[in-house]
Amino acid sequence: MARLTASFWVQAYLTRLRLSDIPAFVTAHGDDTAGAVLVKLNTLDGQAKALHRSYDLMTGARSWVTLAEGDEQTVDAAIGKQRSFDPDLWVVEVEDRQGRHLLDEPGLE
């Protein structure tokens, strides 16, 4: 199965967010071709969640799962730890008081 480059996926994701009036920013630019993507959802109330893609070896299914959740400092520390051993990691920060990230929508899930 053909895979999109990380850069292409991130740009498409940012466009989808922009079309829904959800602010988002790339806070860490990873490898353009094969970098993993981590999404930080900031609800602007001191709380946040970090999500990353998981791959089920049994079914081949890909899904977004929570890496860290709680106060923003804790989530930022978890993201920093991931970046310390994966310099190719992309980090996209989504800011939405309603907690929307669109990762469960078709084409992004």
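Trainee: Which strands do the buried residues of α2 pack against?
Mentor: In this predicted model, the buried residues of α2 pack against β2, β3 (47-55), β4 and β5.

Trainee: And which residues of α2 are the buried ones?
Mentor: Val75, Ala78 and Ile79 are buried in α2. They lie on the same side of α2, because they cover an arc of only 95 degrees around the axis.

Trainee: What is exposed on the other side of α2?
Mentor: The other side of α2 has Gln73, Ala77, Lys81, Ser84 and Phe85 as exposed residues.

Trainee: How far apart are the end C-alpha atoms of α2?
Mentor: They are 21 Å apart. Helix α2 covers residues 72-85, and at 1.5 Å a residue its 14 residues should span 20 Å, so the two values agree.

Trainee: Let us turn to the other helix. Where is α1, and how many residues has α1?
Mentor: Helix α1 takes in residues 6-19, which makes 14 residues. From its first C-alpha to its last, α1 reaches 20 Å, close to the 20 Å expected at 1.5 Å a residue.

Trainee: Which residues of α1 are buried?
Mentor: The buried residues in α1 are Ala6, Trp9, Val10, Tyr13, Leu14 and Leu17. Their arc around the axis is only 135 degrees, and therefore they are on the same side of α1.

Trainee: What do the buried residues of α1 pack against?
Mentor: Their partners are β1 (24-28), β2 (37-42), β4 (62-71) and β5. On the face of α1 turned away from the buried side, the exposed residues are Phe8, Arg18 and Leu19.

Trainee: Which residue with a positive phi follows α1?
Mentor: That residue is Asp21, with a phi near 55 degrees.

Trainee: A new topic: Glu93. Where is Glu93 placed?
Mentor: Glu93 sits in strand β5, which spans residues 90-95.

Trainee: Is Glu93 buried or exposed?
Mentor: Glu93 counts as buried because its relative accessibility is 11%, and the cut-off for buried is under 20%.

Trainee: What does the side chain of Glu93 make a polar contact with?
Mentor: The partner is the side chain of Asn42, at 3.0 Å. Apart from neighbours within four places in sequence, Glu93 is in contact with Pro23, Ala24, Phe25, Thr27, Lys40, Asn42 and Glu72.

Trainee: And Asp104, where does Asp104 lie?
Mentor: Asp104 is found in the segment after β5. With a relative accessible area of 62%, Asp104 is exposed.

Trainee: How far apart are Asp104 and Trp64 in sequence and in space?
Mentor: Asp104 and Trp64 are separated by 40 residues in sequence, while their C-alpha atoms are 8.0 Å apart in space.

Trainee: Now the whole chain. How many helices and strands are there?
Mentor: The chain has 2 helices and 5 strands. Read from the N terminus on, the elements run α-β-β-β-β-α-β.

Trainee: What is the radius of gyration of the chain?
Mentor: The chain has a radius of gyration of 13 Å, which agrees with the value near 13 Å for a compact globule with 109 residues. Along the principal axes, the C-alpha atoms fill a box of roughly 40 × 35 × 25 Å.

Trainee: What share of the residues counts as buried?
Mentor: Of the 109 residues, 35% count as buried. The accessible surface of the chain is about 6,600 Å², and 52% of that area belongs to carbon and sulfur atoms.

Trainee: What share of contacts joins residues at least 24 apart?
Mentor: That share is 68%, taken among contacts between residues at least 6 apart in sequence.

Methods: Residues numbered from 1 in each chain as written. Predicted model: local features only at pLDDT ≥ 70, side-chain atom pairs only at ≥ 80, totals over all residues. Heavy atoms only, no water. Helix = DSSP H or I, 4+ residues; strand = E, 2+ residues; numbered from the N terminus. Buried < 20%, exposed > 50% of the residue type's maximum accessible area, 1.4 Å probe, protein only. Polar contact = N/O pair within 3.5 Å; in protein donor to acceptor, adjacent residues only side chain to side chain. Contact = heavy atoms within 4.5 Å. Expected span 1.5 Å × (residues − 1). Arc of directions from axis to C-beta. Rg over C-alpha atoms; globule rule 2.2 N^0.38 Å. Areas by Shrake-Rupley, 256 points an atom, 1.4 Å probe, with all protein chains shown as cover.
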